[in-house]
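Reader: I would like to learn how to read helix packing and strand pairing from a set of coordinates. Could you take me through it step by step?

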Protein chains: 2
Amino acid sequence: MYNLIRSLKALSDETRLRILNLLLERECCVCEVMQALNVSQTRASRNLGILYDAGFLKLRKDGLWSLYSIDRDGMAEYLPYLVDAVKKALKENRLVVQDRERLMKAERVGPGRVRQLRR
Amino acid sequence: MYNLIRSLKALSDETRLRILNLLLERECCVCEVMQALNVSQTRASRNLGILYDAGFLKLRKDGLWSLYSIDRDGMAEYLPYLVDAVKKALKENRLVVQDRERLMKAERVGPGRVRQLRR
DNA sequence: AAACTATAGGCATATATGCGCATATATAGT
DNA sequence: ACTATATATGCGCATATATGCCTATAGTTT
């Protein structure tokens, strides 16, 4: 029950739903998420962390990068229901479509590229 | 999307999950809910209101009583997923089992009975 | 009408949440 | 070792949330 509440809380936030939607597309590093959602690094990192703590995400380190992806196996039995709900609610959402477009252009870049996006 | 967030928030609370679980059983008035959950009248009423505002509940007035029940029709397309998730998470939960037992004994009573239960 | 009751709403308060800023940490390259 | 970069985190502020107390409202009973 408390797991469910924690999961629901983790999903009750626009930023986090948008992140989840990106990751349903593919694995992303923090800087890709911040580019795609056009949010600050703090915000991207924090909310990825919250989704991770709630058990939704897997984390893989690769050099400098933290690569987050949906943890399909780690999900408790009821979480698939939640993900279905999220998918249904997000499909066709204007904001989310923009996110995906920006994700196409986003790169896991070298020096100097990401910093410039920090507002 | 914002509807989903509102729904998730409405469900991210132990009291409200327990209430929802009662109402999955049958229609209840506020005083039955407070008896079954053993919580204050304010708390029962407020949280029923929150679930109502989120679109989960139907309200029917009968004299003094406000009778709340699950609004199966009024639910948006993704809400059934949420309800399934809730059902799965709550089944076998100790607290929730107690709630149901108290609900059996709870009555929509006349004068003097309910007041005594207010802590 | 008077007394009583179920429910809701205002107010005050405690707690939780989201976020930015600044900074710390970890890794890589020179 | 030094510099640059990606990510994480401590702190503080603003805001949201939950809840209890008290009171108002509307319906019931006598």
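Predicted model: local features only at pLDDT ≥ 70, side-chain atom pairs only at ≥ 80, totals over all residues.

Reader: How many bridges join β3(B) to strand β2 (residues 57-62) of chain B?

Author: The antiparallel pairing of β2(B) with β3(B) runs over six bridges, and in one of them B:Asp62 has B:Trp65 as its partner in β3(B). These two strands form a hairpin with two residues between them, where B:Gly63 takes a positive phi near 60°. On the other pairing, strand β1 (residues 28-29) of chain B joins β3(B) over two bridges, also in the antiparallel sense, and B:Cys28 has B:Tyr68 as its bridge partner.

Reader: Is strand β3 (residues 65-70) of chain B largely enclosed or open, and why?

Author: A residue is called buried when its relative accessible area is under 20%. Five of the six residues of β3(B) are buried, so this strand is largely enclosed by the rest of the structure.

Reader: How should I read the packing of α2(B) against helix α4 (residues 41-53) of chain B?

Author: An α-helix has 3.6 residues a turn, so residues three or four places apart point the same way. The axes of α2(B) and α4(B) are 10 Å apart and the packing angle is about 80°; the two helices are therefore roughly perpendicular to each other. From α2(B) the contact takes B:Thr15, B:Arg16, B:Ile19, B:Leu20 and B:Leu23, while α4(B) gives B:Arg43, B:Ala44, B:Asn47, B:Leu48, B:Ile50 and B:Leu51. Sorted by class, the contact of α2(B) with α4(B) has seven nonpolar, two polar and two charged residues.

Reader: At what angle does α2(B) pack with helix α5 (residues 79-90) of chain B?

Author: Helix α2 (residues 14-25) of chain B packs with α5(B) at about 100°, with the axes 11 Å apart, which makes α2(B) roughly perpendicular to α5(B). The residues that meet are B:Leu17, B:Leu20, B:Asn21 and B:Leu24 of α2(B) and B:Val83, B:Val86, B:Lys87 and B:Leu90 of α5(B). Of these, six are nonpolar, one is polar and one is charged.

Reader: Turning to chain A, how do helix α3 (residues 30-37) and helix α6 (residues 94-105) cross?

Author: The axes of α3(A) and α6(A) come within 7 Å and cross at roughly 130°, which makes α3(A) oblique to α6(A). The crossing is right-handed. In the contact, A:Glu32, A:Gln35, A:Ala36 and A:Leu37 of α3(A) meet A:Asp99, A:Arg102 and A:Leu103 of α6(A), and by class this contact has three nonpolar, one polar and three charged residues.

Reader: Which residues of helix α1 (residues 2-11) of chain A are buried, and what do they pack against?

Author: The buried residues of α1(A) are A:Leu4, A:Ile5, A:Ser7, A:Leu8, A:Ala10 and A:Leu11. They pack against α2, α4 and α5 of chain A, together with α1, α2 and α5 of chain B.

Definitions and conventions:
Residues numbered from 1 in each chain as written. Chains lettered and ligands numbered in written order. Heavy atoms only, no water. Axes fitted to C-alpha atoms, helices over the stretch in contact; angles between N-to-C directions. Helix = DSSP H or I, 4+ residues; strand = E, 2+ residues; numbered from the N terminus. Parallel < 35°, antiparallel > 145°, perpendicular 65-115°, else oblique. Contact = heavy atoms within 4.5 Å. Nonpolar A, V, L, I, M, F, W, Y, C, P; charged D, E, K, R; others polar. Left-handed = near helix turned anticlockwise from the far one by under 90°. Buried < 20%, exposed > 50% of the residue type's maximum accessible area, 1.4 Å probe, protein only. Pairing = 2+ DSSP bridges.
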